[in-house]
Amino acid sequence: MLSKHNSIQRDQLEMITLDQLVPANHLVRKIEGAIDFTFIYDLVKDMYSEIGRPSIDPVILVKLTFIQYTFGIRSMRKTIEEVETNMAYRWFLGYGFHDKVPHFSTFGKNYERRFKDTDLFERIFYRILMTASERKLISAEHVFVDSTHVKASANKRKFEKKIVRKETRAYQGRLQEEINQDRENNGKKPFPPDKFDKEETKEIKESTTDPESGYYVKDERTKQFAYSFHAAADRNGFVLGTIVTPGNTHDSHILEPLVEQVIEKVGKPEAVAADAAYKTPAITSYLFGKEITPALPYTRPRTKEGFFRKHDYVYDEHFDCYLCPSGEILRYSTTNKEGYREYKSTKHTCATCSFLSQCTVSKDHQKVVTRHIWQNYMEEADHLRHHKDVKPIYAKRKETIERVFADAKEKHGMRWTTLRGLKKLSMQAMLTFAAMNLKKIANWTWQGPRMA
């Protein structure tokens with residue numbers, strides 16, 4: 001039988017508190033119970049003047065951003081609209097039914113006047129991380145590193161082509177020292193400083209809308225200006241550190257500063273797991289140097305079809321030479337400024353070799369095999385890949401850092417950004433990951449509603 005609800009109670013008067021309208025297990029209740037936000041006052045006390053008219057409570061400003069990033073609301077303007085009608089958000093902010101909500105531009109003005117050149121958001125991020133640590137929720141012996149691209153607020157067709165200097169890598173000084181030492185050990189003259197300092201340039205596309213973003217090309221369909229959010233997570237999915245770069249920065253350049261950040265703020269991990277983009281001589285050298293176990297994947301040889309692969313040339317460590325598939329010796333020739341030792345075959349021997357077409361297309365019939373001065377670290381990482389304790393660590397990537405990025409994009413609005421500039425994007429990264437960490441703390445420590 002069809003029934004109709006004819007009684008309309010829109011004008012009904014009732015005595016009710018705001019607290020009664022917020023469900024007992026609502027996420028805002030869990031967050032409020034997980035952390036005392038009054039720590040914000042100590043962080044911002046030097047950013048406010050003693051004179052002048054009263055400002056918006058800084059705790060409310062920060063809580064507004066946590067509402068935005070926790071619930072994946074696309075902008076502060078939309079967040080304020082939601083607060084106007086959402087009783088749970090009003091309860092979280094400490095507002096009553098009729099309290100006036102700040103204008104959406106209030107946070108932006110405070111950012112420009114007070115927060116812009118401070119480390120406020122970084123300190124909030126680490127304060128929440130410390131709370132997780134105090135509650136024994138962090139398990140940082142294994143750290144998982146990766147990055148994801150966030151679409152910039154910039155038209156990909158509006159750009160200028162520029163010639164810029166290639167960025168200096170974190171390990172450059174260490175590499176140069178070891179190159180010269182290796183050359184001296186092999187009877188070669190060390191490179192003069194100007195050989196390394198020679199300015200190397202590259203052509204880039206620079207957005208005229210957001211010049212600090214980077215042009216990112218994934219495939220024919222994915223070409224856009226973007227930022228890279230690099231992050232390190234523990235085995236429980238807590239984000240331990242983050243760095244934001246332009247989208248055209250290679251992942252491998254950021255692992256070292258990111259791991260250093262984790263070591264400084266959280267502690268030294270026993271192992272670091274990362275995907276194939278991070279499997280480089282510099283990274284393996286750095287991790288072994290820090291006594292950290294690398295958990296890296298298998299990478300296929302990048303040899304042309306029909307040619308011998310690199311492993312077909314056997315390295316003799318004792319005599320420091322390579323043996324080719326026909327048993328001929330490739331002797332050490334030099335160490336180049338990129339850190340690769342060059343081993344060369346004898347031209348006249350190769351010219352009559354039956355394997356020549358599978359070995360080289362060199363016009364002078366000389367095969368050159370290169371070996372990085374840190375190649376032994378790469379080989380050790382490959383051996384460890386099969387170890388019973390290391391293999392499960394790498395397998396956890398999909399449950400940790402990959403899930404962090406998937407949740408950040410799907411639930412917390414990190415697929416694209418409305419902000420521009422590295423400083424603002426760093427703020428977005430810190431607040432997004434802080435909100436995700438806080439959400440995890442809140443859900444894991446919630447004891448349920450207190451009975452009266």
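1. The second largest cavity has a volume of about 60 Å³, a cavity being a set of points on a 1 Å grid over the protein atoms alone where a 1.4 Å probe fits but cannot get out, and a volume being the space filled by probe spheres set on the points, which are joined across faces, edges and corners. This is a predicted model, in which local features need pLDDT of at least 70 and side-chain atom pairs count only at pLDDT 80 or more, while totals for chains, interfaces and linings use all residues. Residues are numbered from 1 along each chain as its sequence is written, and side-chain values use heavy atoms, with hydrogens and water left out.

2. The lining of the second largest cavity is formed by A170, Y171, S252, H253, L255, E256, A282, I283 and Y286, lining residues being those with an atom within 4 Å of a point. By class the lining has six nonpolar, two polar and one charged residues, where Ala, Val, Leu, Ile, Met, Phe, Trp, Tyr, Cys and Pro count as nonpolar, Asp, Glu, Lys and Arg as charged, and the others, Gly among them, as polar.

3. Helix 12 also packs against helix 15 (residues 375-384), at an angle of about 75 degrees and with the axes 8 Å apart; axes are lines fitted to C-alpha atoms over the stretch in contact, and angles run from 0 to 180 degrees between N-to-C directions. Helix 12 and helix 15 are therefore roughly perpendicular to each other, a label given to angles of 65 to 115 degrees. On the helix 12 side P281, T284, S285 and F288 meet Y377, M378, E380, A381 and L384 of helix 15, contact meaning heavy atoms within 4.5 Å. The residues of this contact divide into six nonpolar, two polar and one charged.

4. Of the 15 residues that line the largest cavity, C324, S326, C350, C353 and C359 are the closest to its centre. Helix 13 (347-351) and helix 14 (356-359) each supply at least two residues of that lining, which divides into nine nonpolar, four polar and two charged residues.

5. UniProt, in an unreviewed entry, lists residues 323-441 as "domain: Transposase DDE"; its positions are given in the numbering used here, feature names are shortened, and annotations may be inferred rather than shown by experiment. In the model, the end C-alpha atoms of residues 323-441 lie 57 Å apart, and the span is 46% helix and 15% strand.

Notes
Helices (H or I, at least four residues) and strands (E, at least two) are DSSP runs, numbered from the N terminus. On a 1 Å grid over the protein atoms alone, a cavity is a set of points where a 1.4 Å probe fits but cannot get out, and a pocket is an open set with protein on both sides within 12 Å along at least five of seven lines; lining residues have an atom within 4 Å of a point. Angles under 35 degrees count as roughly parallel, over 145 as roughly antiparallel, 65 to 115 as roughly perpendicular and the rest as oblique.
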